[in-house]
Number of protein chains: 2
Amino acid sequence: MGSFDFLILAPVGSIFALGFAFYLAMSVLKQDQGTDRMKEIAAAVRVGAQAYLKRQYLGVSIFFAAVFCILLALAWKGYLVIFVPFAFLTGGFFSGLSGFIGMTIATQASNRTAAAAMKSLNSGLRVAFSSGAVMGLTVVGLGLLDLSVWYYFLNWYYGAHPAAIPANMDKIAAITSTMLCFGMGASSQALFARVGGGIFTKAADVGADLVGKVEAGIPEDDPRNPAVIADNVGDNVGDVAGMGADLYESYCGSIVATSALGVAAGLGVAGVTVPMVMAAIGVLASVVGTFFVQSKEDASQSVLLAALRKGVFTSSFIVAIASYFLIKHTLGAEHMGVYWAVISGLVAGVLIGLITEYYTSSGFKPTQTIADSAVTGPATVIISGLAVGMMSTAWPVIIVCASIMISFFVSGGAANFNSGLYGIAISAVGMLSTLGITLATDAYGPVADNAGGNAEMSHLPPEVRKRTDALDSLGNTTAATGKGFAIGSAALTALALIAAYRDEILIKSDKLIEMSLMNPQVLIGLFIGGMLPFLFCSMTMRAVGRAAGKIVVEVRRQFKEIVGLMEGKAKPDYASVVTIATAAAQKEMVLPALLAVIAPIVVGIFIGVEGVGGLLCGSLVTGFVLAVMMANSGGAWDNAKKFIEEGHHGGKGSPAHKAAVVGDTVGDPFKDTSGPSLNILIKLMSMVSIVFAAFIIGNTFLK
Amino acid sequence: MGSFDFLILAPVGSIFALGFAFYLAMSVLKQDQGTDRMKEIAAAVRVGAQAYLKRQYLGVSIFFAAVFCILLALAWKGYLVIFVPFAFLTGGFFSGLSGFIGMTIATQASNRTAAAAMKSLNSGLRVAFSSGAVMGLTVVGLGLLDLSVWYYFLNWYYGAHPAAIPANMDKIAAITSTMLCFGMGASSQALFARVGGGIFTKAADVGADLVGKVEAGIPEDDPRNPAVIADNVGDNVGDVAGMGADLYESYCGSIVATSALGVAAGLGVAGVTVPMVMAAIGVLASVVGTFFVQSKEDASQSVLLAALRKGVFTSSFIVAIASYFLIKHTLGAEHMGVYWAVISGLVAGVLIGLITEYYTSSGFKPTQTIADSAVTGPATVIISGLAVGMMSTAWPVIIVCASIMISFFVSGGAANFNSGLYGIAISAVGMLSTLGITLATDAYGPVADNAGGNAEMSHLPPEVRKRTDALDSLGNTTAATGKGFAIGSAALTALALIAAYRDEILIKSDKLIEMSLMNPQVLIGLFIGGMLPFLFCSMTMRAVGRAAGKIVVEVRRQFKEIVGLMEGKAKPDYASVVTIATAAAQKEMVLPALLAVIAPIVVGIFIGVEGVGGLLCGSLVTGFVLAVMMANSGGAWDNAKKFIEEGHHGGKGSPAHKAAVVGDTVGDPFKDTSGPSLNILIKLMSMVSIVFAAFIIGNTFLK
């Protein structure tokens, strides 16, 4: 270790990220807001989105209050350190705040992007991307802030009160063990945001399409459709706020899990310093990367994509260089294997993104095959889309496996098992270190999408809509790669969390659970865990169906009852649709979320701590594969439809197009509700298992 | 052990099963064949089916010859006992023979069932069910024959040549270790039968529907459709021959795995006697059960179902009673826990059947919800059907887990781990013991289906078609429960095989592999294994799509080129469609089948024997859940369509019906190609791992 305390870079990085996010936000807000009509529409979306989040946070607060009390009770009974309930709260608070800030700026940026697109494509890109970067940097900034504050506080507290350090732990173990638990707050918040937002957005989307496009025959984003504002609100609450909370959770989760495993590997404070400081380096790298995102006028989609990629690759390159020196100076030359683990994570993230692009972009064969199959009707579209999604799981799995294998062995796992686990965990940190910019490319999508809607509803000239369409189409690809990235990092993070769970059991009960697949408890847990993602997807897909049904009824009512609506003489009641979608999403998100929290506890009580280990691994494997499949099927269907709309197989309005629309509609809950929630499901279950570990040990029937 | 050698009951039961099957076959063949038109149609189906199987067996022979040579080489190198290559051949031969005999009688029974249905519903039921029973009893009879012959031969051989017994084994271990390997032959044959037949049947079905129903607007089973004979052929080669080979494999696999685990549990010859004799008892019980299947005229579907159930329940009851005495006399009173393991298997089989019925029968809410969602179009039909299928995985998983847990602990797993594994294995034998009759209820379905097709094409009076429809509709339910049963038993059997694999590694390398989930090799295997069923389904679904495309082209050509076809003045060329479907199925089945054989060997070489353990568990978990989901989604879609055809939501020809047809078409490859092949995939991979265990140990990079 060097004489310089690198750890101070974590709070510095945090402040820097938040400061730069603030600067970017101000520059976005300074942009031209466009015509009054544009402002009006943006305001309607903003009001709807904020109303949704307000309601959502209210509902979630009740959950948080209840769990806080339960955790307090557990702490009182001695099952937990007293700081855990509070860490649970801050984790949840900052995760929610990340989503809120990201969404606020996104709803401000949509009309500004449309206005900028009136000037040029590059201006539009800059505004949309900047607002995405605000979100990306806010997430990493708040994450580092929360982690730093807790670290310094606990470090001071346990330093001042050594008696407070639990038995069979040293100071750093006590710190990481507490911080590990705070992930549960972030995960819970993220799950609610993803599931609730996902249900909202897809119910509104499906509802708007079913009545508007199919029954009334009016185009997408037509202002006469009462569900059109709700549809735009949904993009913000689901794809922006949900995504922000989700990745906040991945980001912090990977860092705290790595820290905890660092202690088990005997790396002490240095084991904590590396992931925290690497995250700080990632902040700087991301900020530098944003400056490389520039485009020329009338660029093709591949040029636009290249512009975004340039930013991401530059950031990755900086992290790759800087972390070499970081690891050399903190862990020492004998631990340089850890550096290669980081690189393997970085590379795996990039590769998964490329694979996702191959399977979901209309430039490649898989999506084109789906478009081809549209000629023989909706059934073949569905079959080929599912087949593409299933096929697309192979490479991501192999890449993640390779990353696990490499990280484990280069970090010295063959000689010291815990070092190997530390390597796996830090590869996830490596993958997520550039989150500031990868998330920016992802969050940019919904902004461009909303800008398109804004342009359509404001009757802007066709060339503007063409520009926003180019931006939006790119957004579909980045959204798909972003999801692949989220899933890949989640798999590695969850794995680290499972390893941390095992350590937690060891600390709390002095029992090293073997988790052998021949142990029937583990095996049963594995089976149940393998089934849960299916059950969860079933619940969330049905929820979308039910919520969409309610919206259909309301839209039909308005078409029928509001005189002059179809002629454009009267305005629809946008707010009532938003209210209905909000209420439905809030109601429907409860059961799937509870499933995640309750399953590990119930399994733990009835099948023991080994059963929980099996449960976590089972849901990790199935959840990972299912999440990739659902995200990619959904993305491929969406782009197959767009491919036909570009004029292939008869173009818009042809039978092939109608068949492709069916695929797109099926894909909606796949890619925006069920699929992306699975990451969080997996991690939340791991977090719950860790937090409730001592409780389960004390209360299980199967010791 | 008693003084009487119970084991002799195994060959006796085998002869009895085959004798009774022969008697039933003769009685079916004696039935009235109906009009000349009926005979002609049945002959066309029969010829097509036999042509398919001939071609199939030719292709499979090449595979068997190649693998036989590889196994001979392995035996020569000392990796295998010399009998294994030959056991591989007999397993494959008898598995194929089971399918062939079952299919031959099924194709003879279809017109006879239609003719009998001209008299009464009960006559139709008796003929169709008897032909199903021929298949059921042939499968169990040949299975027991193969097992008995090998057992007695090896027992004599190792008795006469004790020097031939491999080191660190006693005689019984040498016998069971050899017999275990013969499952690979049966599994390979079964996989080809299921995949090839499944591709054939669904390609013909989808192809016939796409051009006939959708484009030409002629009804199902219309003789003017050139693909209609191929569609009927498909029911026989996929649902009968494929199913027979599949369950032959499950049946023998569960018995040999149990025998091998019995040796590990220290039960010696008695450990082999119990599963073999229990199977023999099951034969007797099944024969008795067949006499209880009777119906009154104009019975409702629930009455018909009750008639079939009475037969199954009677057989189960007999097994439950008789196996009590068997276990008491062979294993002794101290092992009565094993009896309860058997009962848990029997009960689990029945429960999974009931759950499957709930999720797939139009009498219950899940399928009705799908029918309801048809009102809002095909997209919602797909979403709700997938959601029902995913939801339906929960209970079967919990039931199988409960069965594992109970079997393990009642058999004394807590004190002696291997005894617990023996308990799990024997619960699968319990579940499968009544296969003679459960398979009869299953194989009856395609016969009734074909009888309906025969009645339609022969223009029989409407009341006959109504009766065959009643029989067919029941067949859909029994097919679904049969699939649930096949999947449930496969899960337990595969588990037993994985345990046997571990023993095999222990025997061959003196290394007890821990298979801990924290071992990265195991974990990577788990990930890859979890992904493989998705990849496999993707391959098989795409294969159906491609093969169906070829049939569409041919049917369109005939409609265009054959003058007077649509007016009924000219006949279509049925045979050319059969030839095309055959060629396509043969080509397409190769890759998915190779995946199953090669994956464990490649994983073993690169990731080691622990990796293979993880691979098997991963594919078991995902494969099980996915198989249940696909079978149940498919069944529910099919019945939702039928529910609408009965007059709900606008009935036949309504928009809701059109939407439901999309669901049904998507469900076709789900429930008849990809889903049911997954069982075999799982078991074949386990078998390959066992047979190649020694080779992998000697050649892996990761020792």
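Leaving aside its neighbours within four places in sequence, which residues is A:Ser576 in contact with? They are A:Glu554 and A:Gln558. Keep in mind that this is a predicted model.

**Chain A overall**
- Along the principal axes, the C-alpha atoms of chain A fill a box of roughly 75 × 50 × 45 Å.
- If you look at contacts in chain A with a separation of 6 or more, 84% of them come from residues 24 or more positions apart.

**Surface and charge**
- Of the 703 residues in chain A, 70% are buried.
- Chain A has about 21000 Å² of accessible surface, and carbon and sulfur atoms make up 67% of that.
- Chain A carries 43 positive and 44 negative charges, and their mean positions sit 2 Å apart.

**Back to A:Ser576**
- You'll find A:Ser576 in helix α17 of chain A, which covers residues 574–588.
- A:Ser576 counts as buried because its relative accessibility is 16%, and the cut-off for buried is under 20%.

**The largest nonpolar core**
- This core has 534 residues, and A:Ile528 and B:Ile528 are the ones that touch the most other members.
- Beyond its neighbours within four places in sequence, A:Ile528 is in contact with A:Val603, A:Ile607 and A:Leu615 in chain A, plus B:Val397 and B:Cys401 in chain B.

Note on methods: Residues are numbered from 1 along each chain as its sequence is written. Chains are lettered from A and ligands numbered from 1 in the order in which they are written. This is a predicted model: local features need pLDDT of at least 70, side-chain atom pairs count only at pLDDT 80 or more; totals for chains, interfaces and linings use all residues. Side-chain values use heavy atoms; hydrogens and water are left out. A nonpolar core is a set of buried Ala, Val, Leu, Ile, Met, Phe, Trp, Tyr and Cys residues joined through side-chain atoms within 4.5 Å. Buried means under 20% relative accessible area, exposed over 50%, partly exposed in between (1.4 Å probe, protein chains only). Contact means heavy atoms within 4.5 Å. Accessible areas come from the Shrake-Rupley method with a 1.4 Å probe; for residues, only the protein chains shown count as cover. Lys and Arg count as positive and Asp and Glu as negative; His and the chain ends are not counted. The place of a charge is taken as NZ of Lys, CZ of Arg, CG of Asp or CD of Glu. Helices (H or I, at least four residues) and strands (E, at least two) are DSSP runs, numbered from the N terminus.
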